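Please open the structure in your viewer and keep the sequence beside it; each stop tells you what to select.

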Amino acid sequence: TATCSECKQVITEVIPAKGHTNTEWTVVKEATCTEDGSRTSICDVCKEVITEVIPAKGHNFGEWTVEKAATLDAEGVELRVCATCGEKETRVIPKLAPVVTEPAKKDEPKIPATGTESVIAKTLVALFSVATLAGVTVAGKKLTKKEK
């Protein structure tokens with residue numbers, strides 16, 4: 001405020017604050033993966049202590065690794081570890097589903113379902129079935145339906 005020397009009127013002028021001026025920060029508490037930290041500074045002009053929050057960093061988990069493989073009888077477990085704090089996180093691997101195969105038809109021979117052996121076996125069964133029906137002689141012996 002000021003007073004006019006001629007009329008004695010009091011003049012008030014608002015001077016906006018310039019804000020704090022601080023150059024050095026001191027970490028009071030380091031932020032962790034799950035908890036905020038804090039830091040302080042002292043204003044160079046007014047000497048007020050200024051405190052700021054340092055946000056929590058969050059976990060830095062690695063890739064999932066299988067700790068226990070799932071089986072038909074039991075669930076498995078996967079694990080990952082935070083590279084920063086060592087926190088461990090697990091998740092369940094569902095049990096394996098059984099493989100359901102169709103049973104062989106009543107008149108169909110039981111032959112393996114996969115591989116080269118399967119193709120050869122099916123071909124031989126088909127050839128002997130045709131040979132039996134046609135009455136072909138194999139190794140000096142005539143094949144009949146009973147010998148199938």
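**First stop: a loop residue**

Select K8, which lies in the loop between strand 1 (2–3) and strand 2 (10–11). Strands here are DSSP runs of E with at least two residues, helices are runs of H or I with at least four, and both are numbered from the N terminus. The phi of K8 is near 65°, a positive value in a residue other than glycine. Most residues other than glycine have a negative phi. With a relative accessible area of 57%, K8 is exposed. The words used for this are buried for under 20% relative accessible area, exposed for over 50% and partly exposed in between, with a 1.4 Å probe and protein chains only.

A word on what you are viewing: this is a predicted model, in which local features need pLDDT of at least 70 and side-chain atom pairs count only at pLDDT 80 or more, while totals for chains, interfaces and linings use all residues. Residues are numbered from 1 along each chain as its sequence is written, and side-chain values use heavy atoms, with hydrogens and water left out.

**Zoom out: the whole chain**

Now show the cartoon of the protein chain. How many helices and strands does the protein chain have? It has one helix and 10 strands, and along the sequence they follow the pattern β-β-β-β-β-β-β-β-α-β-β. Switch to a surface view: the protein chain exposes about 12500 Å², of which carbon and sulfur atoms supply 56% (Shrake-Rupley method, 1.4 Å probe; for residues, only the protein chains shown count as cover). Of its 148 residues, 11% count as buried.

Select residues 37–42 and 49–54, which are strand 4 and strand 5. They pair in the antiparallel sense over six bridges; two strands pair if DSSP finds at least two bridges between them. The two strands form a hairpin with six residues between them. In that loop, pick K47, which has a positive phi of about 70° although it is not a glycine. K47 is exposed, with a relative accessible area of 56%.

Next, select S38 in strand 4. Is S38 buried or exposed? S38 is buried, with a relative accessible area of 18%. Leaving aside neighbours within four places in sequence, S38 is in contact (heavy atoms within 4.5 Å) with T26, V27, V28, K29, T51, E52, V53 and I54.

Then show W25: R39 lies over the face of W25, at 4.0 Å from the ring centre. A charge counts as over a ring if NZ of Lys or CZ of Arg is within 6 Å of the ring centre and within 35 degrees of the ring normal.

Which strands form the open sheet, and in what order? Three strands form it in the order 6-7-8, and the pairing is antiparallel. Strand 6 (65–68) and strand 8 (88–93) stand at the edges with a single partner strand each, so one side of each is left without a neighbour in the sheet. Select strand 7 (residues 76–81) to see it pair with strand 8 over six bridges in the antiparallel sense. To finish, highlight R80, which stands opposite E89 in strand 8.
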